[in-house]
Amino acid sequence: MFADYDDQGNSRDNPKATDDAEAHYNLGNDYLAWNLPEKAVVEYEKTIKIRPEYAKAYSNLAVAFARLSRVKDAIINFRKVVELEPNNPGARFNLANILVETGSVDEAIVQLVNTIQLAPQDSLAHGTLANLLLQKNEIELAIQEYGYALDIDPNNENAQAGLEKALIKQSGGGQPGASR
């Protein structure tokens with residue numbers, strides 16, 4: 001027999017299990033807020049044992065693992081969120097950011113492109129993608145993404161600074177504001 005869950009991940013077969021899962025999830029959130037990620041991990045794992053399709057629990061578990069510098073575990077759990085919610089741009093953005101920490105820039109770029117497809121008005125995603133493109137020396141594409149980021153949010157200081165770096169790189173070097 002298989003458990004029956006609604007679209008929110010709640011058990012239709014055992015309402016008490018849903019309550020227990022929510023209690024563990026909320027306690028995990030409290031521990032995370034109190035900067036006790038070890039205890040948060042325990043509570044999120046209990047949540048997932050009760051509600052294995054609860055994407056938010058995997059996401060917060062990944063955050064707790066990241067705070068513990070357990071990056072591989074964080075990646076596993078962010079991947080699970082993407083698997084459960086493939087159209088969730090935040091899940092893809094979070095996965096991209098943790099992948100960058102491991103040097104998986106190409107895979108992070110794929111996740112950011114997917115993020116932008118799902119949320120084209122996400123200035124932060126455009127700026128982050130531009131930073132990675134600039135890092136890979138894809139200057140023209142980086143300039144284009146910085147432009148998108150700034151069209152969406154003209155006050156995005158990171159995109160402004162990144163665009164300035166990209167334009168300097170494009171022109172062959174030099175310092176900002178220096179005359180030739």
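Tutor: On the α4 side, Val 71, Ala 74, Ile 75, Phe 78, Arg 79, Val 81 and Val 82 meet Ala 91, Arg 92, Asn 94, Leu 95, Ile 98, Leu 99 and Glu 101 of α5. Contact here means heavy atoms within 4.5 Å, and helices (H or I, at least four residues) and strands (E, at least two) are DSSP runs, numbered from the N terminus. Sorted by class, the contact of α4 with α5 has 10 nonpolar, one polar and three charged residues. For those classes, Ala, Val, Leu, Ile, Met, Phe, Trp, Tyr, Cys and Pro count as nonpolar, Asp, Glu, Lys and Arg as charged, and the others, Gly among them, as polar.

A word on what you are viewing: this is a predicted model, in which local features need pLDDT of at least 70 and side-chain atom pairs count only at pLDDT 80 or more, while totals for chains, interfaces and linings use all residues. Residues are numbered from 1 along each chain as its sequence is written, and side-chain values use heavy atoms, with hydrogens and water left out.

Now the geometry. Helix α4 covers residues 71-84 and helix α5 residues 89-101; their axes come within 9 Å and cross at roughly 155°. The axes are lines fitted to C-alpha atoms, for helices over the stretch in contact, and angles run from 0 to 180 degrees between N-to-C directions. Angles under 35 degrees count as roughly parallel, over 145 as roughly antiparallel, 65 to 115 as roughly perpendicular and the rest as oblique, so α4 and α5 are roughly antiparallel to each other. The crossing of α4 past α5 is left-handed, meaning that the near helix is turned anticlockwise from the far one by less than a right angle (clockwise would be right-handed).

Let's zoom in on some residues. Val 82 sits in α4 and is buried, with a relative accessible area of 10%; buried means under 20%, exposed over 50%, partly exposed in between (1.4 Å probe, protein chains only). Leaving aside residues up to four places away in sequence, Val 82 touches Ala 91, Arg 92 and Leu 95. Its C-alpha atom is separated by 9.6 Å from that of Asn 94, 12 residues apart along the chain.

In the largest nonpolar core, which has 47 residues, Leu 95, Ile 98 and Tyr 146 touch the most other members. Such a core is a set of buried Ala, Val, Leu, Ile, Met, Phe, Trp, Tyr and Cys residues joined through side-chain atoms within 4.5 Å. Its largest share, seven residues, comes from helix α3 (residues 55-67). Helix α3 also holds Ser 59, which is buried at a relative accessible area of 16%. Ser 59 touches Phe 78, Val 81 and Asn 94, not counting residues up to four places away in sequence.

Of its 180 residues, 40% count as buried.
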